[in-house]
Amino acid sequence: MTSEQSVEPEPSPAETAKPHHAGFTYRLGRSLISPLARLVYRPRIEGRNLVPLDGPVIFASNHLSFIDSIAIPVAAPRPVHFLAKSSYFEGTGAKGWLSKTFFESIGAIPVRRGAGQAALDALDLQRQLLDEGLAVALYPEGTRSTDGRLYKGRTGVAFLALQTGAPVVPVGLIGTDKVMPVGAKMPTLNERITVKFGAPLNLAPHGPASSGKARRLATDEIMAAIHALSGQELAGAYNEAPAQGTIEKIKQALPHERR
């Protein structure tokens, strides 16, 4: 969820340092999509009263389906922002405009995906939003679970929480993988989802963001809270693509912090 030692190209509009957020398109989209989604999918929502209504908040959720990033903003009692692939915002013609408008309407922020500097840039965008007292949603597993199990959390979420002091609200999503399985082009209307919000976590007692031990312990606390809400089987491993080539296999085998 290694950088090349070369001259970086000029950033595209999707890579600007300042995140675009909570504009007219988002406010309009939230007012239209949330009631419609609740009417069609009748989501079961638990713990909504536990979510702080103001100040910076990090929603940390399990990740089962593309529609997770729609389910959380629909269920949450306040606006929520999350990162989405910049390619969703860069299309041309009517299709490109529709894609850009849709993702802006659900609170998505364009970002270049990748490891190394790209991952750090993504965290910086989220930090800026939290510094403004807004809410962001992240998936500690890094990517969607294709087998329904809950994978080990990467430490980027904990780093962000410890760095900003923002409380973390754990989220357990149930059934989103049935509504829209990985690979499906359209969601089904025959299933209901459940969104469970847990009590906010104060991770400060684990230590500073600069401490690897603090980040790991804080991440484990977050994942334990998500597991208590989702009830998923624990995978006991990181959710990452199979290594390609000897060098990548060595990198995965060696101890390193997964951001």
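Two strands pair if DSSP finds at least two bridges between them. This is a predicted model, and the legends below walk through close-up views of it.

**View 1. Strands β6 and β7 run antiparallel and are joined by four bridges.**
Ile174 has Thr194 in β7 as its bridge partner. On the β2 side, the pairing is parallel: four bridges join β2 to β6. How enclosed is β6 by the rest of the structure? Six of its seven residues are buried, so β6 is largely enclosed.

**View 2. Five strands form an open sheet with mixed pairing.**
The order across the sheet is β1-β7-β6-β2-β5. Strands β1 (44–46) and β5 (135–138) stand at the edges. Each has a single partner strand, so one side of each is left without a neighbour in the sheet. Neighbouring strands are turned by 20 degrees against each other on average, direction ignored. Strands of a sheet pair through backbone hydrogen bonds, either parallel or antiparallel.

Ile45 stands opposite Val195 in β7. Helix α7 (residues 212–230) packs on the sheet. This helix touches β2 (57–61), β6 (168–174) and β7. The direction of α7 makes about 35 degrees with that of β6.

**View 3. Helix α5 (residues 156–164) crosses helix α7.**
The two axes come within 8 Å and cross at roughly 110 degrees. That angle makes α5 roughly perpendicular to α7. Which residues of α5 meet α7? They are Val157, Ala158, Phe159 and Leu162. On the α7 side, the partners are Ala214, Arg215, Ala218, Thr219 and Ile222. By class, the contact has seven nonpolar, one polar and one charged residues.

**View 4. Helix α5 is largely enclosed by the rest of the structure, because seven of its nine residues are buried.**
The buried residues are Gly156, Val157, Ala158, Phe159, Leu160, Ala161 and Leu162. Just after α5 comes Gly165. Gly165 takes a positive phi of about 80 degrees.

**View 5. In helix α2 (residues 68–75), eight of the eight residues are buried.**
Helix α2 is therefore largely enclosed by the rest of the structure. Its buried residues are Asp68, Ser69, Ile70, Ala71, Ile72, Pro73, Val74 and Ala75. One of them, Ile72, is touched by Ser61, the subject of the next view.

**View 6. Ser61 lies in strand β2.**
Is Ser61 buried or exposed? Its relative accessibility is 1%, so Ser61 counts as buried; the cut-off for buried is under 20%. The Ser61 side chain makes a polar contact with the side chain of Asn62, at 3.3 Å. Leaving out residues up to four places away in sequence, Ser61 touches Ile72, Leu138, Tyr139, Pro140, Val171, Leu173 and Ile226.

**View 7. Ser145 lies in the loop between β5 and α5.**
At 4% relative accessibility, this serine counts as buried. What does the side chain of Ser145 reach at 3.1 Å? It reaches the backbone nitrogen of Gly148. A polar atom of the Ser145 side chain also lies 2.8 Å from the backbone oxygen of Arg149. Beyond its neighbours within four places in sequence, Ser145 is in contact with His63, Leu64, Tyr151 and Asn239. Ser145 and Asp177 are 32 residues apart in sequence. In space, their C-alpha atoms are 9.1 Å apart.

**View 8. Gln232 lies in the loop between α7 and α8 (246–253).**
Gln232 has 9% relative accessibility, so this residue counts as buried. Which backbone atom does its side chain reach at 3.0 Å? The Gln232 side chain reaches the backbone oxygen of Gly148. The nitrogen of Gly148, in turn, is reached by the side chain of Ser145. Not counting residues up to four places away in sequence, Gln232 touches Asn62, Leu64, Gly148, Arg149, Leu150 and His227. Among them, Leu64 is also in contact with Ser145.

Methods
Residues are numbered from 1 along each chain as its sequence is written. This is a predicted model: local features need pLDDT of at least 70, side-chain atom pairs count only at pLDDT 80 or more; totals for chains, interfaces and linings use all residues. Side-chain values use heavy atoms; hydrogens and water are left out. Helices (H or I, at least four residues) and strands (E, at least two) are DSSP runs, numbered from the N terminus. Axes are lines fitted to C-alpha atoms, for helices over the stretch in contact, and angles run from 0 to 180 degrees between N-to-C directions. Contact means heavy atoms within 4.5 Å. Buried means under 20% relative accessible area, exposed over 50%, partly exposed in between (1.4 Å probe, protein chains only). A polar contact is a pair of N or O atoms within 3.5 Å; within protein, one must be able to donate a hydrogen and the other to accept it, and residues adjacent in sequence count only if both atoms are side-chain atoms. Angles under 35 degrees count as roughly parallel, over 145 as roughly antiparallel, 65 to 115 as roughly perpendicular and the rest as oblique. Ala, Val, Leu, Ile, Met, Phe, Trp, Tyr, Cys and Pro count as nonpolar, Asp, Glu, Lys and Arg as charged, and the others, Gly among them, as polar.
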